[in-house]
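This briefing describes two protein chains and the place where they touch. Look at the structure first, then read the points below.

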Amino acid sequence: MLDPADPNVGDTLAAAVEELPATWREVIIARDALGHDAVEVGERLGLTPRQQRAILNRARARVRERLARRLTPEADR
Amino acid sequence: MSEAVAAFPAVPRTLARRLVPLQVAVGLQGFILWVAVEKLFMTQIGFTPRSVGLMAAAYAAVVPLLEVPSGILADRWSRNQIMVCASGALLASSLLGGLSRNVPTYIAAAMVLGVYFALNSGTVDSIVYDVVLEETGSSDQYEVWIGRVRLVESGAFAASALAGGVLAGWTSARLTYFASLPFVAIAIVAFLRFDEPRLHRAAEPVALRSHVALTYRTMIREPRVRQVMLLAALVGLLSQAVFEFGPLWLVALAAPAALFGPYWAALVSTVGVGGYLTSKLNLDRRAVLSVLALATPAAALALTKTHALGAVIAAQVVLALLLAIISIRAGKLLHDGVPSNLRAGVSSGVGTLSWLLFLPFSLAFGWVARAHGVQRAGWFLTAAALLVALLLIAPVLRHRPKPAAMSASESDEFACKALVELVTDYLDGALPPELKDKFQTHLASCGGCDEYVRQIGLTIGALHEADLPATSRPQASASSDPDLSDR
């Protein structure tokens, strides 16, 4: 359904990640793209577990919003 | 104890480091040597009470007109550049003021200063809020950091007032205007070095017309935003009233002239002390809010009752201090209810509303004070303080469980918002059991939320599969952790 090999999806995804604030971008790439461990990511960036999750949650929500807006003619939310 | 730990989590290193240039810039921008000797200089170049009134009117016409438009510009363009423009206006105003040899040119300088205030209003708050959000993922630490920025700012005000007085004594009042210029110029450099937040720009570009409409609609139609704006504007009005009319009490009680200096220093320092106290208090606690809500009208009431000079000064200082704390609280509530791309615009709306309310307030206050004495007029302060207390405590009272008062759709909407914030905690298995149950129960009954969580899952999957441009990885880690790039 959401095929990352589709150039449209890939470009939108890359653009959405690129426009995130630096710390958010770093967290979402480490956690979701590279699959790093939550504790390790938090320690490396000097974030508490709660902060790390809050940032990841906001970053994911932003990227989802961008994908939804690009891929469906009318944004659903 | 655990509550205190939860309220003040560790500071990420990037947050503290990132806010340094901003604090330096705000401090330098507040180091205006001529403020303390302005009235003296104005008399020297020929101002009379009537032309002082004219200047105040010209100034008051510029600020409210420009505040919201400049806030919207800050949201659409760059908040940093707006601060650079603000410093530029301060620079121009100081230069023009210092060169003035008559009333009209000085009034022109005052109007340029109005541009500075309008550009400044709401912008620093918005910057601090979004930086905290970017570096910690939540606004929990906003009050701590805006408190620190206010402390730096008021320290600069106090230091420049003292230095300005000394400098004017040694040389001339005119020189204080030119001596302020280098500080503002360095502030511009510091603003340019600041890594500004980008949250307000990440959204898709919106046409100017709909952006303006959305900003005004948010201010006028959103009940919660409206209520918090009124609270913030009333706090602004009341602080302005204390600073403008407070000295009248001392005059009425025939206070010795020597007392005015220390009195004024104490009043001005409340902004910084309030900022410091806010960073130490947990304003989410009902007990703390109740004390603030009770003490504020009580301090105002004391001004209508007492004839003792010491008590009057103490009441004014306490009132100003409480207002400094409440204004930070109101700012956080306001920012919490507004998206990043409308933040500076809505925040500037508070300034405009405050001006609009202050105008009739000050006329009425002046009339009663002249006819019946300043103590009688103190009832206006008490009434405004009561309103502030009610608006401060109202959201707390509303949060008490009142099942009958909350309609089903309202509670659903609340649950959806809470769910969206908890998705990652849920997926990471970080939710406590009872919250996890609530989460799953809501998910099972809400189609919208179920679809949302599914889409988040798809997003995570796509990110995992995606071949993201290699540039974003090294760049991202290099930008916030230089140690890693060396390995």
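The contact between the chains takes 43 residues from chain A and 42 residues from chain B. The model is a predicted one.

**The side of chain A that touches chain B**
- Helix H1 (7-18), helix H2 (22-33), helix H3 (38-45) and helix H4 (49-71) of chain A are the elements that give two or more residues to this side.
- The most comes from H4(A), which gives 15 residues to the side of chain A that touches chain B.
- By residue type, the side of chain A that touches chain B divides into 24 nonpolar, seven polar and twelve charged residues.

**Chain A**
- Chain A has four helices and zero strands.
- Along the sequence, the pattern of chain A reads α-α-α-α.
- Chain A has 77 residues, and 47% of them count as buried.
- Take the contacts in chain A between residues at least 6 apart in sequence: 48% of these join residues at least 24 apart.

**Chain B**
- The secondary structure of chain B consists of 22 helices and zero strands.
- Chain B has 487 residues, of which 44% are buried.
- For contacts in chain B between residues at least 6 apart in sequence, the share that joins residues at least 24 apart is 82%.

**Points to check in the structure**
- Which helix of chain A gives the most to the side that touches chain B? It is H4(A), with 15 residues.
- How many strands are there in chain B? There are zero strands in chain B.

Technical notes:
Residues numbered from 1 in each chain as written. Chains lettered and ligands numbered in written order. Predicted model: local features only at pLDDT ≥ 70, side-chain atom pairs only at ≥ 80, totals over all residues. Buried ≥ 20, exposed ≤ 12 C-beta atoms within 10 Å, placed from the backbone. Contact = placed C-beta atoms within 7 Å. Nonpolar A, V, L, I, M, F, W, Y, C, P; charged D, E, K, R; others polar.
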